[in-house]
Amino acid sequence: MAGKKKKEFEELRIGVFICDCGSNIAGHLDCKAVTEYAATLPGVVFAKENLYTCSEAGILEIQEAIKKHKLNRVVVASCSPRTHQPLFQNSCKSAGLNPYLFEMVNIRDQCSWVHMQDRENATRKAMDLVRMAVARAAFLEPQQDIESPLTPRVGVIGGGSAGLSAAEGLSRMGLEVVLVEKNKELGGLLRNLHKVAPEGVDASERLEGLIQDVSSRPNVKIFTGAELKSLDGYVGNYVMNIRDGEGQTVKESVGCLVIAIGAIPLVQKGLFGHDGKRVITQMELEPILKKGKFDAKRVVMIQCAGARGDERSYCSRICCMIAVKNAMFIKKLSPDTEIRILYRDMQMYGTEKEKMLWEARGEGIRFEVYDPAHPPEVGDKAVRLRQPLLGREIEFAYDLVVLSTPLVAREDASELSQLLRVPMDQNGFFLEAHAKLRPLDFAADGIFLAGSCRYPATYDEARSQGLGAAARVGTILFKDKLVTSAIVAEINPETCVGCMGCLQMCPYGAISYDQERKICQVNEILCKGCGCCAATCPSESASLRGFKPQQLMSQIRAVMEG
Amino acid sequence: MGDCHYLYGNVATEKRIKFMKQLLEFVGIEGERLRRKWVSSAEAPEFVEEITDFVNTLKALGPSPLKREQKPDQPSAKVAVA
C-alpha cells in the first residue's frame, strides 16, 4: 500500500472528445448529436468533436483543453483502447494529467461498425456508452506506475543447441549468464548427431565451436550435472536455487530465464519390431554413420513410427528431413545400398529441404507411401507394405530397418513446468504465450523458451530460437528499471480478515498471507490484474485498481438511466 | 474452458455464476436473469444470437419482482479526488 492518500475535494472537470474517425464513426452515427449530448452530462465542462482525435491536431486539442479548461478527467470516444489508449494516456501525461484519469470508450468497433444500417439506434447507443464512460471517469483515481529494479543476469536452463545459442547471444549482449545443464557435458542431442541438415556440416564441428565459445566467455557461469530445484521471486528479480554437480545448493539471482531443456528421441522396444540391432531408430543410426562404415545393402526407413497415432497425435516435423539426410549419407558411404522410405506425408518444409527431397529422389532413394490404416509390417526378413494406390501387397527384403520416431517431451519437463508455473500442451511440450505473436515467451513474465522443449526443432531452428529468446530477454533487461501498469489488485489491510479466499483463487501466486498481521497481501509485480481476488473477497477488501466496485457500479447505473 | 486469458479465471467464473443464480433465486429474482456463455472474439454471430436471445428472455420475464419496492440511489456528481 502506498502512503495515506491526501484527500481533497475538487470540482469534477471532465473533457469529452468524440472522434469521427473520418467516416468510420461519423458515417454511421451522428457524432454532432453525441457531442452535444456529452456536454449535458454531469461533470462535463468541455465536449469536442474531432475528425481524427488521434491525429496531431486532435492530440494538441486534448492537451490545450486540459490546460485551458483545467480538465481533471479526459474521456475519448473513438476506436479500440488496444491500439490507441497508450497514445491518449501519454498525451494526457505530457499535459500534466495523471494518465490513469483517462477513460476511453469504443464507439467504432463496438458501435458504428456493428450498427451500420441503423443510424438512429447507433447514435443512441453511442450516447449510452459515452454516458457510462463519463460516469466511470468521475470515480477514477490517479495512480502511479509500479517501478522495480532489475537484475541484469539471465538463467539459461539446458545446455543443448538452443540453450548454448541463448547463452552465447546473451553473453554477447553483455549480460551475465548462468547456464544450468543436467548432464555432465554440454551439447544435448547434437552430441549424438552425425551431420546437420540441410548443409551437411559435421554436428561435432558445430557443437565444439559453440561450446568453446560459450565456455570461454568470462560472463558465462556454467553448472554441469546440475539442476534447477526451485525458483523464487518475479520478473527482474528471480532467485534460482540450483543443485550443482557436487550436490550443493547454490543461489543465483537473475532477472530473466530462458528454458531450453530439449526433448528426447523416442525409443520404444517392439515398435515395428524394434530391437536396436536390425530394427533401429534414426537416432541410433547416427553413431553408425559417424563411424563411417556401413554394410547394410537393403535399408527400409519407416516414417511416423510412434507418431501421429492415437498415443501421440502430433507430427514431430523434423524426422522426414532427418530420414532424407541420413538416406543421402548412406548413399554417399555405400552407393549400391537400396534405400526405401515408407511415408505418410513428406514434411520437407522450406526451399532448402524441398530441394533436398528432389536430390534424394535423383540419387535413387525410393519413396513409398503407406496408409495409416494399414501400416507396414516388419517381419524377420522383409517389410510387408500395402500400396494404397494399387491396392496390392508388396515385400521388401531388408538388412536394416530404420524407424523415424518422434521427439518426445522430457519426463522432467512436467516437474519444471510446476516449478516455474508455466503451462504444457497435451504432449508435454511447453506452451508459449501465443503461437504467432509471442512464440518464445511464456505467459509468465520474464521467462522465455527455445528449442525442442517447445516443439521438435532442427539445429538451425533451435539456434535461431535460442538467439531469439536472448533478444526477448534484452527487451526487459536493457531498461533501467521495470515499469508495470498500476492496474493491479490491492487489499485493504483495515478490513481484510485473512480468510485466504483470494489466495486460493489467484492464478499467478501473487497473493501471500502475512503471518504477523494475519491478513493477505498482493505482490504488485506478480499481479496481472485479472480481478479474481476482487470477485472472491466477501468483504470487498480485495479490489482491482481502476475497477473498484464504485467505478463499475457507476457505469452500470449510468447505462440503466438511459 | 481452460482457454482463459487469465489461466483458470473462467473456471472460477463458472462456479461463481452457479452460486449467484442460487443467491438471486433466494432473494426472489429469477435465475434466468443471469446468464453465462463463453464466446470468443472471433465468434460474432454467436455473440449476437446469444444477446438477442437473452434480451428476449428478459422481455418475456418483464420487470424485476423486486422493482416495485425499491428505487435506486442516484450517484452524486461531485466526488473526492486526490
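Does Lys518(A) count as buried or exposed, and how many C-beta neighbours does Lys518(A) have inside 10 Å? With 10 such neighbours, Lys518(A) counts as exposed; a residue is exposed if 12 or fewer other C-beta atoms lie within 10 Å of its own, buried if 20 or more do, and partly exposed in between, with C-beta atoms placed from the backbone.

The model is a predicted one, in which local features need pLDDT of at least 70 and side-chain atom pairs count only at pLDDT 80 or more, while totals for chains, interfaces and linings use all residues. Residues are numbered from 1 along each chain as its sequence is written, and chains are lettered from A and ligands numbered from 1 in the order in which they are written.

Lys518(A) lies in the loop between strand S29 (511–514) and strand S30 (519–522) of chain A. Helices (H or I, at least four residues) and strands (E, at least two) are DSSP runs, numbered from the N terminus. Most residues other than glycine have a negative phi. Lys518(A), not a glycine, has a positive phi of about 55°. Cys21(A) is not a glycine either, and its phi is positive, about 50°. Cys21(A) is found in the loop between strand S2 (14–19) and helix H1 (31–39) of chain A, and it is buried, with 21 other C-beta atoms within 10 Å.

Next come the sheets. Strands of a sheet pair through backbone hydrogen bonds, either parallel or antiparallel. Here two strands pair if DSSP finds at least two bridges between them. One open sheet of chain A has five strands in the order S11-S8-S7-S15-S26, with parallel pairing. Strand S11 (220–223) and strand S26 (447–449) of chain A stand at its edges with a single partner strand each, so one side of each has no neighbour in the sheet. On average, neighbouring strands of this sheet are turned by 20° against each other, direction ignored. Strand S15 (residues 256–259) of chain A is joined to S26(A) by three bridges, and Ile259(A) has Leu449(A) as its bridge partner in S26(A). Helix H12 (residues 459–477) of chain A packs on the sheet and touches strand S7 (153–157), S15 and S26 of chain A; its direction makes about 170° with that of S15(A). Axes are lines fitted to C-alpha atoms, for helices over the stretch in contact, and angles run from 0 to 180 degrees between N-to-C directions.

A second open sheet of chain A has three strands in the order S21-S22-S23, and its pairing is antiparallel. Its edge strands are strand S21 (377–378) and strand S23 (392–397) of chain A. Six bridges join strand S22 (residues 382–387) of chain A to S23(A), with Leu385(A) opposite Ile394(A).

The largest nonpolar core has 174 residues, and Val156(A), Val258(A) and Ala260(A) are among those with the most contacts inside it. Such a core is a set of buried Ala, Val, Leu, Ile, Met, Phe, Trp, Tyr and Cys residues joined through C-beta atoms within 7 Å. Helix H5 (residues 119–138) of chain A gives the most to this core, with 11 residues.

Chain B has a mean pLDDT of 82, and 79% of its residues reach 70 or more. pLDDT is the predictor's confidence in each residue, from 0 to 100. Over residues 74–82 of chain B it stays under 50. Where pLDDT is low, the predicted coordinates should not be read in detail.

Key:
Two residues are in contact if their C-beta atoms, placed from the backbone, lie within 7 Å.
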